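I opened a new notebook for this structure. These entries record what I looked up, one topic at a time.

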Amino acid sequence: MQYKEFKNGIRLSRLGMGAMRLPVSGPGEGSIDYDKAKEVIDLAYRGGINYFDTAYIYHGGKSEVVLGNALREYPRESYYVADKFNFQADPDYRAQFAEQLIRLGMDCIDFYLLHGIQDAFADDLLSSGCIEYFDGLKKEGKIRFLGFSFHGSEKTLLKILDAYPFEFVQIQLNYYDWEYGNQKRFYEILTERNIPVMVMEPVHGGLLAKMNPASEHLLREKDPDASLASWAMRWIMSLDNVQVALSGMTTPDQMQDNLRTFSEGRFLDESEKEMLAKAAQLLCADVALPCTSCRYCVPNCPMELDIPLLLRFYNEMKVGGEWRLGSLLGVPEEKRPTACIACGNCTAHCPQSLAIPDAMSEMAGYLKK
């Protein structure tokens, strides 16, 4: 296992285990199969993983309980636990943190995050007093490091970073989003500020482990024996400011594949990086709209919409689910997809003739629900 220095002599495994997708025994998000989950967690620990990530809402609150119980047999100083305050689930940060300690069966949380910040509630979170409270818990030793995970805009990211000297930030990052999302810019901002990056969704929720035929053929041709997921993990490893790449591994096979990748430590060469960029392009053309942000459409929009920005939200929705449109609530109402009048000027000026009005209509439909 590869390790990377964090601070204060702490070395974190570059692969971390996310406890959001533990094996379940039946319907219902809280029905975790403890024996199977324990097997995967044990494999992680014995394989050298020392960073375990959970959250208040994962598996209906059972993830924290299962993770705490599974790790109890190991020396507490031999691993680090990350947990998260979810403002939307319960804004009472005092009560939520106290409950999390009970669920985990611990008296300290090593890495604590404000969970999944989006534009729609960022200001309410900042004014809630939670940051000041958690800073106080740091002084008491109940939290070791404070950070946040993020699903918002660049403007909101900068606002959050200016509000407090956070010690780490967790963002969605993978080679698909690098090309077609705004994660590259997020990574650059955090790197410029010397803030370590924890990565979620390195395989984009499984998208990069089960690709379309054209993309998969490209990767298989290069290395028939390599799993598709290993390419995504190797891409993450090649980024210097990535501290930990989290993977929600459900099965022993998934765990062993990722452990092998992070033990071998094979960094990508330039030709392999170019190949993955091509694979992302082929994948995007199949699942979303391959907008290149040329902005030829923008001056011709009578509603003055930032069409490339809105198409970025559209692509995130198509790949990750409609909940990702929540970030659009931070965009002024008159600049959202609902303001599109379907005049067709955008498509007429698009070098790729993308069906932009259709995408705007689809997003508007979700936003009006």
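Predicted model: local features only at pLDDT ≥ 70, side-chain atom pairs only at ≥ 80, totals over all residues.

**Entry: two loop residues with positive phi**

I looked up Asn8 with that cut-off in hand. Its relative accessible area is 68%, so Asn8 is exposed. Asn8 sits in the loop that links strand S1 (3-5) and strand S2 (11-13). Then I checked its backbone. Phi of Asn8 is near 55 degrees, which is positive, and the residue is not a glycine. I wrote the general rule beside it: most residues other than glycine have a negative phi.

I found another such case at Ala342. Its phi is positive too, about 55 degrees, and Ala342 is no glycine. I placed Ala342 in the loop between helix H13 (307-320) and helix H14 (345-349). Is Ala342 buried or exposed? Ala342 has 52% relative accessibility, so it counts as exposed.

**Entry: the barrel**

Next I traced the strands. In what order do the eight strands close into a barrel? I read the order as S3-S4-S5-S6-S7-S8-S9-S10, with parallel pairing. From one strand to the next, the twist averages 30 degrees.

I checked the pairing of S3 with S4. Strand S3 (residues 15-18) and strand S4 (residues 51-53) run parallel and are joined by two bridges. Met17 has Phe52 in S4 as its bridge partner. I then looked for a helix on this part of the sheet. Helix H11 (residues 252-264) packs there and touches S3 and S10. The direction of H11 makes about 160 degrees with that of S3.

**Entry: strand S8**

Strand S7 (residues 143-150) pairs with S8 in the parallel sense, over four bridges. Phe150 finds its bridge partner in S8 at Ile171.

Which way do the residues of S8 point? Phe168, Gln170 and Gln172 point one way, while Val169 and Ile171 point the other way. I recalled that in a regular strand the side chains alternate between the two faces of the sheet. Five of the five residues of strand S8 (residues 168-172) are buried, so the strand is largely enclosed by the rest of the structure.

I then asked what lies across it. H8 lies across S7, S8, strand S9 (197-200) and strand S10 (242-247). H8 runs at about 170 degrees to S8.

**Entry: helix pair H6 and H8**

I followed H8 to its partner. Helix H6 (residues 154-163) and helix H8 (residues 183-192) pack with axes 11 Å apart, at an angle of about 20 degrees. Angles under 35 degrees count as roughly parallel. H6 and H8 are therefore roughly parallel to each other. I noted their crossing as right-handed.

I listed the contact. From H6 come Glu154, Leu157, Leu158 and Leu161; from H8 come Arg185, Phe186, Ile189 and Leu190. I sorted these residues into six nonpolar, no polar and two charged.

**Entry: helix pair H1 and H2**

I turned to another helix pair. Helix H1 (residues 34-46) packs against helix H2 (residues 62-71) at an angle of about 60 degrees, and their axes are 10 Å apart. H1 and H2 are therefore oblique to each other. Their crossing is right-handed.

Which residues meet in this pair? In H1 they are Tyr34, Ala37, Lys38, Ile41 and Asp42, and in H2 they are Val66, Leu67, Asn69, Ala70 and Leu71. The contact divides into seven nonpolar, one polar and two charged residues.

**Entry: helix H10**

I looked for a covered helix. In helix H10 (residues 228-237), ten of its ten residues are buried. Among them are Trp231, Arg234 and Trp235. What covers the buried residues of H10? The cover includes helix H7 (175-180), S9, helix H9 (213-222), S10, H11 and helix H12 (270-287).

**Entry: Ala355**

I finished with a loop residue. Ala355 lies between H14 and helix H15 (356-367). Its relative accessible area is 35%, so Ala355 is partly exposed. Leaving aside its neighbours within four places in sequence, Ala355 is in contact with Leu289 and Thr347. I also checked Ala355 against Tyr34. They are 321 residues apart in sequence and 47 Å apart in space, C-alpha to C-alpha.

Terms used. Residues numbered from 1 in each chain as written. Heavy atoms only, no water. Axes fitted to C-alpha atoms, helices over the stretch in contact; angles between N-to-C directions. Parallel < 35°, antiparallel > 145°, perpendicular 65-115°, else oblique. Left-handed = near helix turned anticlockwise from the far one by under 90°. Contact = heavy atoms within 4.5 Å. Nonpolar A, V, L, I, M, F, W, Y, C, P; charged D, E, K, R; others polar. Buried < 20%, exposed > 50% of the residue type's maximum accessible area, 1.4 Å probe, protein only. Pairing = 2+ DSSP bridges.
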